[in-house]
Amino acid sequence: MTMRAVAAGDVIYDHDVPVTHTVFPLSGVLSFLALRTDGRTIEKGNVGPEGFVGVATMLERHTMHGRCIASIAGQTVWLPATIFDEAMERFTCMRLMLLRYSRARIEQLHELLVCYALHTADRRIVRWLLEAFDKAGNPSIELKQESLAELLGLRRATVSGVCHDLLAGGIIRYSRGHMELVNRPRMEAAACPCYAHIRSRFRYQPLCDRA
């Protein structure tokens, strides 16, 4: 088992490569990307300290489908997949916990399908940012607008407009890729209801309101 710091943009696993380690984020956000035929990518899910990268090994799939990158820098723990598999076979409590986690992940994906179908881009952006603050475990994150636009499949102008409105409303501070959450209640009010629904699945520990 090793601990590694990951920077934004670092590739954790590329498409169709063997999953040799189960990766547990201690902070930050790891994003799962779908690869489009035109070469572009879009986020299909992400994980922070509430979960791990390597669910595929539980389903007897030992290669990564798509690409996994760090979208928010943080610390990670890498456990050899063979040890993870042995522990899952040996300890019933661990197996049950992982099954509950897998169920919560499936419910999260269902929620996101509804989110993309029904909710406007601005509310989805705010929901993503709130989740990023929670997973980073810090009211300050490093995130470029173009990176968020690429993750969500949106124009940078859309993301820039939302960040400007949040900044003007005193909800965040933002300068040169550094974003700070200032008023959590108002930001939660601006997010789509999926934020609260998803958080309840994993019981995130919310950051203290700094308003």
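**Strands, helices and cores in the predicted model**

Strand S8 (residues 140-142) and S10 run antiparallel and are joined by 3 bridges; two strands count as paired if DSSP finds at least two bridges between them. The names are DSSP runs numbered from the N terminus, with helices (H or I) needing at least four residues and strands (E) at least two. In this pair, Ser140 sits opposite Glu180 in S10. S10 also pairs with S9, again in the antiparallel sense, this time over 4 bridges. There, Tyr174 faces Met179 in S10. The hairpin of S9 and S10 has 2 residues between the strands, and Arg176 takes a positive phi near 50° in it.

A word on the ground rules: this is a predicted model, so local features need pLDDT of at least 70 and side-chain atom pairs count only at pLDDT 80 or more, while totals for chains, interfaces and linings use all residues. Residues are numbered from 1 along each chain as its sequence is written, and side-chain values use heavy atoms, with hydrogens and water left out.

Next comes an open sheet of 4 strands, with antiparallel pairing and the order S2-S6-S4-S5. Strand S2 (11-13) and strand S5 (41-47) are at the edges with a single partner strand each, so one side of each has no neighbour in the sheet. From one strand to the next, the twist averages 40°. Strand S4 (residues 29-35) runs antiparallel to S5, and 6 bridges hold the two together.

Ser31 is a handy residue to look at here. It lies in strand S4 and stands opposite Asn46 in S5. Helix H4 (residues 121-136) packs on this sheet, where it touches S4, S5 and strand S6 (67-72), and its direction makes about 45° with that of S5. Helix H5 (residues 145-152) packs on the sheet too, touching S4, S5 and S6, but its direction makes about 95° with that of S5. Back at Ser31, the residue is buried, with a relative accessible area of 0%; buried means under 20%, exposed over 50% and partly exposed in between, using a 1.4 Å probe and protein chains only. Not counting residues up to four places away in sequence, Ser31 touches Glu43, Gly45, Asn46, Arg67, Cys68, Ile69, Ser71 and Leu151, where contact means heavy atoms within 4.5 Å.

What about the nonpolar interior? A nonpolar core is a set of buried Ala, Val, Leu, Ile, Met, Phe, Trp, Tyr and Cys residues joined through side-chain atoms within 4.5 Å. The largest one has 30 residues, and Trp128, Leu129 and Met187 touch the most other members. H4 gives the largest share of this core, 8 residues. Leaving aside neighbours within four places in sequence, Leu129 is in contact with Leu143, Leu148, Leu166, Met179 and Met187. A second, separate core has 28 residues, including Tyr13, Cys68, Ala104 and Cys194.

Finally, there is a pair of helices. The axes of helix H3 (residues 92-118) and helix H8 (residues 194-202) come within 9 Å and cross at roughly 175°. H3 is therefore roughly antiparallel to H8. Angles over 145 degrees count as roughly antiparallel, under 35 as roughly parallel, 65 to 115 as roughly perpendicular and the rest as oblique. Axes are lines fitted to C-alpha atoms, for helices over the stretch in contact, and angles run from 0 to 180 degrees between N-to-C directions. On the H3 side, the residues that meet H8 include Tyr101, Ala104 and Leu112, and among their H8 counterparts are Cys194, Ile198 and Phe202.
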